[in-house]
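This briefing concerns a single protein structure and is arranged by topic. Please consult the sequence and the coordinates alongside the text.

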Amino acid sequence: MVYGGFWIRVVAYIIDAIIIGIVQYVIAMILGVNMFDPEAPQTGASTLLNIISIAIGVAYFAGMESSAKQATVGKMAMGLVVTDVEGRRLSIGRAIGRYFAKILSALILLIGFIMVAFTERKQGLHDMIAGTLVLKGQPGETSDPAVFS
């Protein structure tokens with residue numbers, strides 16, 4: 001198995017962040033929220049935008065990573081798939097857990113993400129918590145056919 005390393009995953013995430021950012025911007029425009037003014041007062045619309053943003057993130061990451069594609073658009077563009085540690089497709093529950101475990105990876109000064117560069121199987125803290133791997137390849141295509149069975 002070839003694991004997805006740090007920099008390829010960073011590029012994949014940038015692609016995903018652009019996609020999610022565009023969706024959030026459109027929703028903010030509809031709600032009349034200025035996302036770029038840090039001094040804007042917190043209103044009901046901005047609170048609603050925050051809740052919708054969390055739902056979008058969960059739906060996008062967990063939904064796509066547990067789908068038959070096993071990857072977000074960014075990961076697909078970079079030729080990566082997300083599996084459990086035995087090479088199987090993620091359940092929606094495991095994918096949601098992985099999404100929320102990323103919060104912990106971020107809270108500790110991004111060290112949970114930086115761990116990808118230094119661990120044997122290129123796992124971040126969130127991958128270790130959720131029991132997942134990020135592999136190079138496409139669903140059903142790998143050097144070890146048992147990985148995707």
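The points below cover salt bridges, aromatic pairs, pockets and strand pairing. The model is predicted. A search of the whole structure finds six salt bridges, and the count of aromatic pairs is likewise six. The largest pocket has a volume of about 530 Å³.

**Salt bridges**

- R9, E65, K75, R98 and D127 are joined in a network of salt bridges.
- D127 and R9 meet through their side chains, with 2.6 Å from N to O. Because D127 belongs to helix 6 (residues 125-130) and R9 to helix 1, this pair ties together parts that are 118 residues apart in sequence.
- D127 counts as buried, at 0% relative accessibility, and R9 is also buried, with a relative accessible area of 13%.
- E65 forms a salt bridge with K75, and their closest N and O atoms are 2.9 Å apart. With E65 in helix 2 and K75 in helix 3 (residues 73-77), the contact ties together parts that are 10 residues apart in sequence.
- Both E65 and K75 are buried.
- E65 also meets R98 in a salt bridge, at 3.0 Å from N to O. R98 lies in helix 4 and E65 in helix 2, so this pair ties together parts that are 33 residues apart in sequence.
- R98 is buried, with a relative accessible area of 1%; E65 counts as buried at 1% relative accessibility.

**Aromatic pairs**

- Y13, Y60, F61, Y99 and F100 are linked into a cluster by ring pairs.
- The rings of Y60 and F61 have centres 5.1 Å apart and planes at 90°, so the pair is edge-to-face. Y60 and F61 are both buried.
- Y99 and F100 also form an edge-to-face pair, with 5.2 Å centre to centre and 85° between the planes.
- Y99 is buried, at a relative accessible area of 17%, whereas F100 counts as partly exposed, at 39% relative accessibility. The two residues fall into separate classes because buried requires under 20% relative accessible area.

- Helix 1 gives the most, with 10 residues.
- By residue type, the lining of the largest pocket divides into 12 nonpolar, five polar and five charged residues.
- The second largest pocket holds about 220 Å³ of space.
- Of the 13 residues that line the second largest pocket, V33, N34, A40, P41 and S46 lie nearest its centre. The lining of this second pocket comprises six nonpolar, six polar and one charged residue.

**Strand pairing**

- Strand 1 and strand 2 (residues 132-136) pair in the antiparallel sense over five bridges, and L80 stands opposite K136 in strand 2.
- Five of the five residues of strand 1 (residues 80-84) are buried, so this strand is largely enclosed by the rest of the structure.
- In a regular strand, side chains alternate between the two faces of the sheet. In strand 1 both faces are covered, with L80, V82 and D84 buried on one side and V81 and T83 buried on the other.

Terms used: Residues are numbered from 1 along each chain as its sequence is written. This is a predicted model: local features need pLDDT of at least 70, side-chain atom pairs count only at pLDDT 80 or more; totals for chains, interfaces and linings use all residues. Side-chain values use heavy atoms; hydrogens and water are left out. Rings of Phe, Tyr and Trp (its six-membered ring) pair if their centres lie within 6.5 Å; planes under 30 degrees apart count as stacked, over 60 as edge-to-face and the rest as tilted. Buried means under 20% relative accessible area, exposed over 50%, partly exposed in between (1.4 Å probe, protein chains only). On a 1 Å grid over the protein atoms alone, a cavity is a set of points where a 1.4 Å probe fits but cannot get out, and a pocket is an open set with protein on both sides within 12 Å along at least five of seven lines; lining residues have an atom within 4 Å of a point. Grid points are joined across faces, edges and corners, and a volume is the space filled by probe spheres set on the points. Helices (H or I, at least four residues) and strands (E, at least two) are DSSP runs, numbered from the N terminus. Ala, Val, Leu, Ile, Met, Phe, Trp, Tyr, Cys and Pro count as nonpolar, Asp, Glu, Lys and Arg as charged, and the others, Gly among them, as polar. Two strands pair if DSSP finds at least two bridges between them. A salt bridge is a side-chain nitrogen of Lys or Arg within 4 Å of a carboxyl oxygen of Asp or Glu.
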